[in-house]
Structure formats: structure tokens, C-alpha cells
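Here are some friendly notes to read alongside the model. Please keep the structure open and follow the points in order.

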Amino acid sequence: MRGPKSKNVQELANDGLTYPDTEFFCKTRPMPVEGQFKAMEQVRNWARANSLHVQAFGTGCGAVELRPLMTARYDAYRYGVMGSPTPRQSCVFVIGGYASVKTLKRIVVSYEQMQNPKFVVALGSCTVNGGMYWDSYNTINRIDHYIPVDLYVSGCMPRPEALLAGFVKLKEMIKEGKCEGANKYLENFDWYKANQKKIIKNWNMPDYNW
Amino acid sequence: MSDWLVKGGYAVVSVTVAAVYGVLLSGIIARTLARVQGRIGIPVWQTFIDIFKNATKRTAVSHGIMFYLGPVFRVAGGIGTLLFIPLLYDSEVFGNFHFAGDIILIIYFMAFGALGMALGAAEGGHPYSAIGVGRGLAQFAAFEVPFGLAIISLAIQYNTLSVYEIVGAQQAGVAHWTLFTNPLATIAAMLSLLGSTGYAPFDVVGPPQEIPTGPRTEFQSEFISLMQLNRAIFAAAKLVLYMDLFFGGATNLLELMIKTWAIYMVPIIVGASFPRYRIDQAIRFFLRVPTLIGIAAVIVADYLFNA
């Protein structure tokens with residue numbers, strides 16, 4: 001990994017892994033990386049804002065609103081919004097509506113595999129406060145407690161226009177340098193991990209998915 | 001000594017021009033396709049922004065030395081291919097390096113990048129990378145057959161293995177282009193181009209967005225930006241090679257741009273019209289009709305030109 005100078009400051013416990021798996025995963029604790037040189041960072045932020053690769057992972061029912069964005073009617077491509085097949089190459093994670101306990105695990109894995117800087121757009125009322133599933137036994141209410149969210153698009157469901165407006169707003173925020181969710185996640189790593197482990201009972205993965 | 005420096009400088013200029021043109025061409029094509037689909041489409045310079053954004057990501061995860069070298073091999077393969085193809089005929093700056101038999105070297109350089117990627121993707125440890133690489137190499141082996149036969153046909157026709165001499169032999173006029181003097185070889189090579197550009201129906205190796213598989217699954221940040229850059233350089237190199245071999249080459253940059261754009265439109269139009277082949281269907285396709293056309297091209301060339 002590039003960036004932080006001091007490696008192995010504090011090792012992760014990786015308690016959830018059993019013997020053969022422990023050998024396959026890195027124990028290094030992830031560190032926040034600040035952007036260097038303010039003027040250069042503005043140029044980089046401009047490029048990040050104009051090249052939003054959305055992770056094509058439908059996490060909830062709201063993901064159905066993502067598909068029309070790429071069609072001739074809404075055409076998100078003209079704003080530099082594109083689909084991306086793997087979390088490795090994407091920089092925007094759209095949480096498509098309610099997140100069940102089962103999905104949360106996948107959300108965490110995918111989010112951690114994305115490279116810094118990364119942005120999260122939470123779609124629909126369910127991500128804000130649980131929405132119509134607020135008292136469901138297997139739905140989490142606030143996604144903000146588990147991964148840092150940059151932007152909410154509320155509604156049940158929000159129309160593609162609302163999502164498009166959200167992307168435009170996200171671009172403005174990135175250009176202003178306000179979207180530092182990836183660093184926020186790593187600065188408050190222990191708090192986020194504790195929250196996640198409270199929900200995910202069978203934690204059989206490393207503490208950080210490199 | 002200074003002679004070498006000047007030659008090296010010219011090589012840098014021609015690689016830069018080819019890279020910028022290749023990146024721009026991908027934007028132009030995406031925009032054209034968007035218009036066909038009734039969309040506005042990405043800005044033509046979008047790929048520049050993508051490459052810059054990926055190159056300036058703050059973190060990158062590596063899986064070992066071969067993982068680093070994969071994209072590097074790929075770029076080396078792209079630049080190496082380009083350096084031995086004359087961009088412009090009879091030009092000091094864009095002539096690039098050429099010697100007797102350089103076409104053999106070019107064919108090997110084309111495989112070089114794919115093999116480097118295979119090693120790099122294998123080090124990534126992702127099972128889908130291995131599947132993607134396997135598909136890529138299988139398809140590569142299949143579409144090289146008609147292309148190789150077309151090259152043999154040209155070698156018989158022009159009695160040389162040098163791209164520069166083949167371009168020179170076509171300079172007398174449009175009627176002297178290989179397209180008209182050896183149409184069978186041209187058809188076989190153009191069918192092979194459909195596979196090597198990686199558009200539908202042969203895009204199962206690196207599908208644009210919807211299937212999370214392919215050799216580049218595990219590559220991110222700077223690695224993917226290098227690969228995007230190479231995709232542009234390699235596309236430009238391939239188009240220039242086809243233009244040199246079959247469409248009379250070019251003597252100025254405007255002619256080069258028009259001809260390569262026109263050649264590129266062939267796989268684009270085919271890609272916009274046909275659905276995707278599975279990998280076994282793709283291999284069978286290349287080993288049937290295009291290979292037969294290639295064999296016919298060799299036989300006809302031997303009959304006509306090897307008197």
C-alpha cells in the first residue's frame with residue numbers, strides 16, 4: 001500500500017478468521033491519506049467530480065432507479081457518470097434503498113475494497129431512518145452508522161431526476177473538497193467497526209477488506 | 001550519437017501523437033454510438049479525465065511484483081507495436097523505426113501485452129481474472145490465425161516482410177492499395193480486426209460494464225490508468241498498421257486521421273448491430289470462414305504473384 005509512511009502501526013485483530021484464512025489476509029491497519037498540495041488537489045478534485053464511476057451493485061429496491069439513468073431519456077453519461085463493474089475501479093457507491101443485515105456485510109466488503117477517495121450516495125428514505133421498514137427485524141435504520149455517507153437523496157422511491165440532481169450536487173461537493181468520507185471512515189475506524197459488528201453476527205471476514 | 005537522440009525524440013513525438021489521438025478517438029466513437037442510441041453521450045475528452053483521475057487516486061493495492069509488471073508489460077507491448085509501424089510514409093518525424101522483417105516483430109509485440117496481463121492478473125488472485133485471461137488468450141489465438149494468413153499472403157504478393165516497403169508499393173494510386181490488389185487478404189484481416197478491437201460480438205473478454213469479469217477485474221488506480229492509456233495507444237497502433245498494410249498508408253496526419261477513423265468504424269458498426277458471442281462461439285467463428293478466406297488469399301496470391 002502506498003501513502004502512509006509508517007506501516008504496521010497497529011495490527012488488526014482479524015478475530016473472525018479461522019486458521020487457513022488468516023494467512024490470506026493483510027493485518028495492516030488502514031490509515032487516512034490527505035491530499036497533498038492544495039492547488040493540485042483542486043485540479044484532482046475537478047477530475048474526480050467529472051469522472052464518477054458508479055459501482056453497479058444494486059443494494060436495495062432503489063437500484064431500479066439507477067438503470068433508467070443510463071438510457072436515452074436521462075443519459076447520465078453526459079455528466080461523466082458511468083457504471084463500473086468492480087468496486088476496485090469505482091469511486092461512487094450508491095446505496096439503493098433499504099439495507100438488510102445480510103446486505104450490510106456485502107456493502108462493507110465492497111466499500112472497503114474501493115480506493116480512497118470514494119463517495120457514498122444514499123438513496124431513498126430507508127437509508128435515512130429506515131423508512132417503511134423502520135421496525136423490521138432484519139433492516140438497519142441508519143446507514144450512516146456503518147459507512148460514512150456524503151449525500152442523501154430522500155424519497156420513496158426518488159425519481160431518476162432526483163438521483164441525477166443528487167449526482168450534480170455531489171459533483172459540486174467534490175469540487176469544494178467536502179467529500180472526505182474515506183478519511184472520515186478510517187479516522188473513526190473503531191467506532192464504525194464496533195457498529196458493524198453489533199449488526200453482523202457471523203463475522204467471518206477480515207477486519208478490513210483490502 | 002546525436003542521430004540517435006533525434007531519432008528517439010521523433011519516436012517520443014509519434015508515440016505522444018498516437019496516444020492523444022487514440023484517447024480522443026475512443027471519445028469520438030463513444031459519442032457517435034451515443035448519438036445512434038439517441039443520447040447526448042460523454043464529452044469527447046472524458047477518457048483523458050478518467051485516466052487522470054485514476055492516476056491520481058490516493059491509494060492503490062498491489063498483490064506483488066508481477067501485479068505491477070502486468071500493466072507495464074501491456075504498455076510496453078503497445079508502445080513497442082507502435083514504434084515499428086510507420087505512422088506516415090516518407091516522413092522523418094513519424095516514420096518510426098523500420099527494418100526488413102519488422103512485421104514478424106509486430107505480430108510478436110501484439111501478443112506481448114496479453115501475456116504480460118495474464119501473469120499480472122494471475123498474481124491478483126481473483127478467480128474471475130483468471131477466467132478473463134483464459135478467454136482473452138483463447139480469442140487472441142483464434143483471431144491471429146486469419147491475420148497471420150493475410151500477412152503471409154501480403155508477403156507473397158509484395159515479396160517483402162517490411163511494413164515500410166509494403167506501404168511504399170501502394171503509393172502509386174488508389175488502384176494499387178492492397179484493398180483492390182488483394183481483396184481476400186484484406187477481408188480476412190478485417191474480420192480478424194473485429195476480434196482484436198474487442199467490440200461486440202467479440203467483447204466477452206472485457207465487457208464494457210455489465211459483467212464484473214475480465215483480466216482487469218483486480219486492477220485499480222494507477223494500474224487501470226496505465227491500461228486505459230495502453231488501450232488507446234494499442235488501438236491507434238493497430239489501426240495504423242491496418243491502414244499501412246491494406247489501405248495505402250498516409251502521407252499527412254489528416255489523411256491518417258480520416259483513414260483510421262474509417263477503419264475503426266467497421267468494428268463499431270458491426271458491434272452496434274450484433275449481440276455478443278460466447279467465447280467458444282467466437283473461436284469457432286474465427287477458425288471457420290475467416291481462416292478459409294485467409295487460406296484462399298494465400299493460394300490466390302501464390303498463383304497470381306509468385307509466378
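1. The crossing of H1(B) past H10(B) is right-handed. Please bear in mind, here and below, that this is a predicted model.

2. Which residues build that contact? From H1(B) come Tyr21(B), Leu25(B), Ile29(B), Leu33(B) and Val36(B), and they meet Met257(B), Trp261(B), Tyr264(B), Ile268(B) and Ala272(B) of H10(B). By class, the contact of H1(B) with H10(B) has ten nonpolar residues, no polar ones and no charged ones.

3. While you are at H10(B), residues 253–273, have a look at Val270(B), which belongs to this helix. Tyr199(B) is 71 residues from Val270(B) in sequence, yet their C-alpha atoms are 8.2 Å apart in space.

4. H1(B), residues 2–36, also packs against H2(B), residues 46–55, with an angle of about 120° and axes 7 Å apart. H1(B) and H2(B) are therefore oblique to each other. On the H1(B) side the contact uses Val23(B), Ser26(B) and Gly27(B), and on the H2(B) side Gln46(B), Thr47(B) and Phe48(B). The classes in the contact of H1(B) with H2(B) are two nonpolar, four polar and no charged residues.

5. H2(B) has a further partner in H9(B): their axes come within 7 Å and cross at roughly 150°. H2(B) and H9(B) are roughly antiparallel, because that description applies to angles over 145 degrees. The handedness of the crossing of H2(B) and H9(B) is left.

6. In the contact of H2(B) with H9(B), H2(B) supplies Thr47(B), Asp50(B), Ile51(B), Asn54(B) and Ala55(B), while H9(B) supplies Ser221(B), Glu222(B), Ile224(B), Ser225(B), Gln228(B) and Leu229(B). Sorted by class, these are four nonpolar, five polar and two charged residues. Thr47(B) is listed in the contact of H1(B) with H2(B) and also in that of H2(B) with H9(B).

7. Ser221(B) is in helix H9 of chain B and has a positive phi of about 45°, although it is not a glycine. Is Ser221(B) buried or exposed? Ser221(B) counts as buried, because 22 C-beta neighbours lie inside 10 Å. As background, most residues other than glycine have a negative phi, and most peptide bonds are trans.

8. Asn159(B) also has a positive phi without being a glycine, here about 60°. Asn159(B) sits in the loop between H5 and H6 of chain B. With 11 other C-beta atoms within 10 Å, Asn159(B) is exposed, because the limit for that class is 12 or fewer.

9. On to H4(B), residues 102–124. At 1.5 Å a residue, its 23 residues should span 33 Å, and the end C-alpha atoms are 34 Å apart, which agrees. Buried residues of H4(B) include Ile103(B), Ile106(B), Phe109(B) and Met110(B), along with the glycines Gly113(B), Gly116(B), Gly120(B) and Gly124(B). The buried residues of H4(B) pack against H3, H5, H6 and H9 of chain B. After H4(B) comes Gly125(B), with a positive phi near 80°.

10. The bond from Asn116(A) to Pro117(A) is cis, with omega near -5°, and Pro117(A) is in the loop between helix H3 and strand E5 of chain A. The bond from Cys156(A) to Met157(A) is cis as well, with omega near -15°; Met157(A) lies in the loop between strand E7 and helix H5 of chain A.

11. Finally, the interface: 26 residues of chain A are in contact with 27 residues of chain B. On the chain A side, helix H2 (38–49) and strand E2 (81–84) are the elements that give two or more residues. H2(A) provides the largest share, three residues. The chain A side divides into nine nonpolar, eleven polar and six charged residues.

Key:
Residues numbered from 1 in each chain as written. Chains lettered and ligands numbered in written order. Predicted model: local features only at pLDDT ≥ 70, side-chain atom pairs only at ≥ 80, totals over all residues. Helix = DSSP H or I, 4+ residues; strand = E, 2+ residues; numbered from the N terminus. Expected span 1.5 Å × (residues − 1). Buried ≥ 20, exposed ≤ 12 C-beta atoms within 10 Å, placed from the backbone. Contact = placed C-beta atoms within 7 Å. Nonpolar A, V, L, I, M, F, W, Y, C, P; charged D, E, K, R; others polar. Axes fitted to C-alpha atoms, helices over the stretch in contact; angles between N-to-C directions. Parallel < 35°, antiparallel > 145°, perpendicular 65-115°, else oblique. Left-handed = near helix turned anticlockwise from the far one by under 90°.
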